[in-house]
Amino acid sequence: MKRLCCLLLGLILTACAPGPLQPRFIADGAPEALADWGMVGVRDGRLVLAAGAQPYELNTPLFTDYAGKLRTVWMPKGQPATWTPDAPLDFPVGTVVTKTFFYPKAADGTVAPGDGLSLSQTGDGLDLGKIHLVETRVLVRRAGGWAAFPYLWNEAQTRATLKRTGAAIPVTLTRPGRRDAFVYQVPNVNQCAGCHATDHAAKALQPIGLKSRHLDREVTLAGQSYNQIARLTQLGYLRGAPAATTRVRAPDWRDESVAVEPRARAWLDINCGHCHSPKGPADTSGLYLDIATPPGPSLGLCKPPVAAGQGTGGFSHDIAPGDPDQSILIFRTASLDPGAMMPELGRSLTHDEGLALLRRWIAAMPPGCR
Amino acid sequence: MGQGWRGVLSGLTITGALALAACGQGGGTAVKPNTTYQEQLIQKLIDAKPGDVISIPAGVYAIDRGLSLDADGVTIRGAGMDKTILTFKGQTAGAEGLLVNASDFTIEDLALEDAKGDALKVNEGENIIIRRVRAEWTGGPKTSNGAYGLYPVQVKNLLIEDSVAIGASDAGIYVGQSNNVVVRRNRAEFNVAGIEIENTQNADVYDNLATNNTGGILVFNMPNLKVPGFATRVFRNRVEGNNTGNFGRKGSAVASVPAGTGVIVNANDKVEIFDNDIGGNNTSNVIISSYFSTGYMNKEGVAPTFDPWPEAIYVHDNRFSPGGAKPDGLDLQALRVAMFGLTGSLPDVLWDGYADTKKFKAGKTDPALAICVDNGSAQTLNADGPNKNKSPKLMGDALRCQLAPLPAIAVAAAGPVPAERKVPAPGKP
């Protein structure tokens, strides 16, 4: 009996000293601590990733108030996802995806944009002396479908705790020549569905970024360069991917060597297409901004708004070809009024560079509506 | 671009309506709102399971983020539309006050005030009941108010009853892209559109009061949507004195509605308007119009499958009191003076004159698609829109015809149309 007690004590002590992260799938319930998942954690002043939690980045990401994002995907051994051309990759039950939102610290106690950081700068962990963690979202594939959990990092940056009701966090962002004080919105659990329930009739959550077209990208991590689709395959996380030459990939929205139109469409697809698609919750508008929608009224060209209300900004067409200043799309992408701004969720600032890209795209269209 | 009722036909005179703004009974401002309840309420909405009733006690609650509900089978219940008040005055995020993505949903006995966007949006679901709910912008009609008060869209089997909508910068009660709908005994005041039925099939709109809006009751079809609307009955309503200057944001569909409109049909089909009390609407008690008259028609931006013409519209047995005395805008004013003299009025029914000539049979409108105004001595003015209003003319008995009555709508929660007509009284000024 005495031996058993000592043994137990030993186990408890071991549990207290943070050892290596133990990634795991939690099949049900709402785990209170991000640490329960074992995907990412704080060790020696760094946010580190578990072995097997594969970091990745997207060709064109969703904008979230200039936050940096460190994304990971983990799957149980021997159960790879199946490649699909258009839909999100078909992940097995047990898949755990995380996305950690953070800002680089600026000199004077404010923060700086983190959205320009590449995987080579974030993929092997984050130095908490230099960055400030905001939240980590977990998307888990359970038997009943995908479930989403938002975890909020504490001020001491030691742990993240489940915050199902979301949160409003004051942030001051410093950019060259300007400073913006704003309220960063951590979505509540129901709002997760606002973007991730991409088929609004089915109301089931889906990953958004984990599609072949977004992941098909050359990256550098720890001095090694690789293609992410190839790496996922090599790790045993993906099967069925065809040859690189036959895959369709989204452009990097910042890549000036690519024409404006495909970059604007990629930006719209990832930022808007999850709602504005023929099956999404914004199908009520008749405006489809997903990559599959061909140019025409459904893409907004010369299209009168349906139920935009004050969101028209006084303009008559979703997109007035040749005239970004007369386009509702531009007005709503720029707006910070909750009753007019688009996307409705997930931003409190305007994505100035994304907006500039959309303006170039619209300005280059042959003008007029007949 | 086509000629707009307001944009071109009229000269956009916003009348003194803004001064009339006082409205409603929103008590929200007098009491200091409870700011701590929001967290509890969000938790309840997240945890909600089918069968749950979320009761919100009497009180005024400040909400600064959009609320949302995703679980089916939930009831949200307050202690009364003047007792349980959610005020969104300080809202910093969220396009709605409350967004519901669920079926078998009931909301009753509470108020949603001053939402930044829509007050209540129910997006896609079946068996939706909105009962004794007040959606109000308490500062009176302003363009900066949220767009829609009560806004179910893409729902099936809908009942909205005994509710109140005030101050929406688009529509107070807006039913979009839905099927099988009853809207009854509601009060809509000081909105751009009081009650709007849009791209909706099979709707009964009865025993409502629509007053002091820009337009009282609208039955519209918009292009580029998956389903066209048809089969709406508008009956036993009081649609009176809808003369508030149009404060809708330019570019929105309702911004094309002239102030002083009672009931207006735009591009919708199979609409029966009967047994209503309609009067004191300074442009026209009834307007029947095509999409061409909104000013938004263009070939590139409107799907070719869209039917812009109002067809099978049947106006009969309404009780009209005088309207049309002071139409919105210089062009309609000029039309009134030219045709009816300085002290004359536009007649009870105004038709823009558009008809789909491709569907004509032997050179005439197919009787099944006709516009029939069979309403005693009520006159219809054909504004001759297709010819840029060159030759407007009174139609005399040319539109006197009958269409088969539309069937009553069966929504289980509503039951049959009660024999007794109960129209709410206007709010206290």
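Is Thr158(A) buried or exposed? In this predicted model, Thr158(A) is exposed, because 12 other C-beta atoms lie within 10 Å and a residue with 12 or fewer counts as exposed.

**Figure 1. The loop that holds Thr158(A).** Thr158(A) sits in the loop between strands S9 and S10 (160-162) of chain A. The view also takes in Arg43(A), which is 115 residues from Thr158(A) along the chain. The C-alpha atoms of Thr158(A) and Arg43(A) are separated by 9.0 Å.

**Figure 2. Chain A as a whole.** Chain A contains eight helices and 15 strands. Its C-alpha atoms fill a box of roughly 90 × 50 × 40 Å along the principal axes. Among the contacts in chain A with a separation of 6 or more, 58% are between residues 24 or more positions apart.

**Figure 3. The two domains of chain A.** Domain 1 of chain A covers residues 20-239, and domain 2 covers residues 251-363. Their C-alpha centres lie 25 Å apart. Where the two domains touch, 24 residues come from domain 1 of chain A and 21 residues from domain 2 of chain A. On the domain 1 side, S12 and H3 of chain A each supply at least two residues. S12(A) gives the most to that side, with five residues. The domain 1 side divides into 12 nonpolar, nine polar and three charged residues.

**Figure 4. Helix H3 of chain A.** How many of the eight residues of H3(A) are buried? Seven are, so H3(A) is largely enclosed by the rest of the structure. The buried residues are Val189(A), Asn190(A), Gln191(A), Cys192(A), Ala193(A), Gly194(A) and Cys195(A). Their cover includes elements from both chains: strand S9 (145-153) of chain A, and helix H1 (37-47) and strand S3 (65-69) of chain B.

**Figure 5. The contact between chains A and B.** Chain A brings 41 residues to the contact and chain B brings 45 residues. Strand S12 (178-186) and helix H3 (189-196) of chain A each supply at least two residues of the side that touches chain B. The largest share of this side comes from H3(A), with five residues. By type, the chain A side comprises 18 nonpolar, 17 polar and six charged residues. For the complex, the predictor gives an ipTM of 0.91 and a pTM of 0.92.

**Figure 6. Chain B as a whole.** The secondary structure of chain B consists of two helices and 29 strands. Along the principal axes, the C-alpha atoms of chain B occupy a box of roughly 65 × 45 × 40 Å. A compact globule with 429 residues would have a radius of gyration near 22 Å, and the 21 Å of chain B agrees with this. In chain B, 60% of the 429 residues count as buried. Residues 24 or more positions apart make up 68% of the contacts in chain B with a separation of 6 or more.

**Figure 7. The largest nonpolar core.** This core has 205 residues. Those with the most contacts inside the core are Phe102(A), Leu120(B), Leu150(B), Ile173(B) and Val183(B). Strand S8 of chain B, residues 118-136, gives the most to the core, with eight residues. The core lies between domain 1 (20-239) and domain 2 (251-363) of chain A, because both give residues to it.

**Figure 8. The surroundings of Leu150(B).** Which residues does Leu150(B) touch, leaving aside those up to four places away in sequence? They are Ala119(B), Leu120(B), Ile130(B), Val133(B), Ala135(B), Ile160(B), Ser163(B), Ala165(B) and Ile173(B). Of these neighbours, Leu120(B) and Ile173(B) are also listed, with Leu150(B), among the residues with the most contacts inside the largest nonpolar core.

**Figure 9. Confidence along chain B.** The average pLDDT of chain B is 92, and 93% of the residues score at least 70. Over residues 7-28 of chain B, pLDDT stays under 50. For these residues the model has 66 contacts beyond four places in sequence.

Note on methods:
Residues are numbered from 1 along each chain as its sequence is written. Chains are lettered from A and ligands numbered from 1 in the order in which they are written. This is a predicted model: local features need pLDDT of at least 70, side-chain atom pairs count only at pLDDT 80 or more; totals for chains, interfaces and linings use all residues. Two residues are in contact if their C-beta atoms, placed from the backbone, lie within 7 Å. Helices (H or I, at least four residues) and strands (E, at least two) are DSSP runs, numbered from the N terminus. Ala, Val, Leu, Ile, Met, Phe, Trp, Tyr, Cys and Pro count as nonpolar, Asp, Glu, Lys and Arg as charged, and the others, Gly among them, as polar. The radius of gyration is taken over C-alpha atoms; the globule rule is 2.2 Å times the number of residues to the power 0.38. A residue is buried if 20 or more other C-beta atoms lie within 10 Å of its own, exposed if 12 or fewer, and partly exposed in between; C-beta atoms are placed from the backbone. Domain bounds come from an automatic or database domain assignment. A nonpolar core is a set of buried Ala, Val, Leu, Ile, Met, Phe, Trp, Tyr and Cys residues joined through C-beta atoms within 7 Å. pLDDT is the predictor's confidence in each residue, from 0 to 100.
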